[in-house]
Amino acid sequence: MPRGGRAAEADAFLLANQDWLIEEQHRILSVGAQRPVMLDLQGVGEQWRLDVREQPLRARPDRLLHGDAPDRFVLQVFASDDDDEHVRKRVRARLIERARAMFDDVLPPLASRMASRFERIQVRAQRTRWGSYSASGTISLNYAVIFMPPAVVHYLCVHELAHYHHMNHGVGFWKLVERHAPGARRLDRELTRLQSTIPRWLLAIS
């Protein structure tokens, strides 16, 4: 909603255009929703090649193998060729594991520098949120940020850790975020803009 806009105007706009919005959502999800060959995990500087091997009778566990360079890997998934949802779930599960390891590396030292605390990290395939910080100290993060540059990953972690001190988005909150992630407002916009780097095939959750 534009700065200074009113919620009632936004609601009226959505109602007046809901048919078009639904059609566009379906169109966007269908375009480029084919299974990707390469996964560019910018957040950890790795590239994964997806190798789906048909084995319809008996499922085998997927395997992440070293590729032809230190930053390249091959993710083998065994499934029948028409079982795309099984492949999607296995790929997503592997990416969540990798994102969890990434956040485990980034969050503790950053929390120490910011004098922030958290009780646990939760990494999920969230559909509408990049992250949250609960009153109980749980940081929930969206695995899909692994497709974004390290600076954006760093910003998201700073953003959630700042909520230990400020459970709002007031002036004090943004000052703290800016101190540990310079250019925070620009990075916040990048977080939204870079959604297009996430393969839409992974977002098609049934």
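**Exercises on a predicted model**

Of the 206 residues in the protein, 36% are buried (under 20% relative accessible area with a 1.4 Å probe, protein chains only; exposed is over 50%). This is a predicted model, where local features need pLDDT of at least 70, side-chain atom pairs count only at pLDDT 80 or more, and totals for chains, interfaces and linings use all residues. Residues are numbered from 1 along each chain as its sequence is written, and side-chain values use heavy atoms, without hydrogens and water.

**Exercise 1.** State how many helices and strands the protein has, and give their order.

*Solution.* Start with the terms. Helices (H or I, at least four residues) and strands (E, at least two) are DSSP runs, numbered from the N terminus. The protein has seven helices and seven strands. Along the sequence, the pattern is α-α-β-β-β-β-α-β-β-β-α-α-α-α.

**Exercise 2.** Compare the reach of helix 3 with its expected span.

*Solution.* Helix 3 covers residues 84-114, which is 31 residues. The expected span is 1.5 Å times one less than the number of residues. Next comes Ala115, just after the helix, with a positive phi of about 55°.

**Exercise 3.** Sort residues of helix 5 into buried and exposed, then find the packing partners.

*Solution.* Helix 5 spans residues 171-180, and its buried residues are Phe173, Trp174, Leu176 and Val177. Seen down the helix axis, these fall within an arc of 160° (taken from the directions from the axis to the C-beta atoms), so they line one face of helix 5. The face turned away carries the exposed Val171, Lys175 and Arg179. The buried residues pack against helix 3, helix 4 (150-162) and helix 6 (184-193) (contact: heavy atoms within 4.5 Å).
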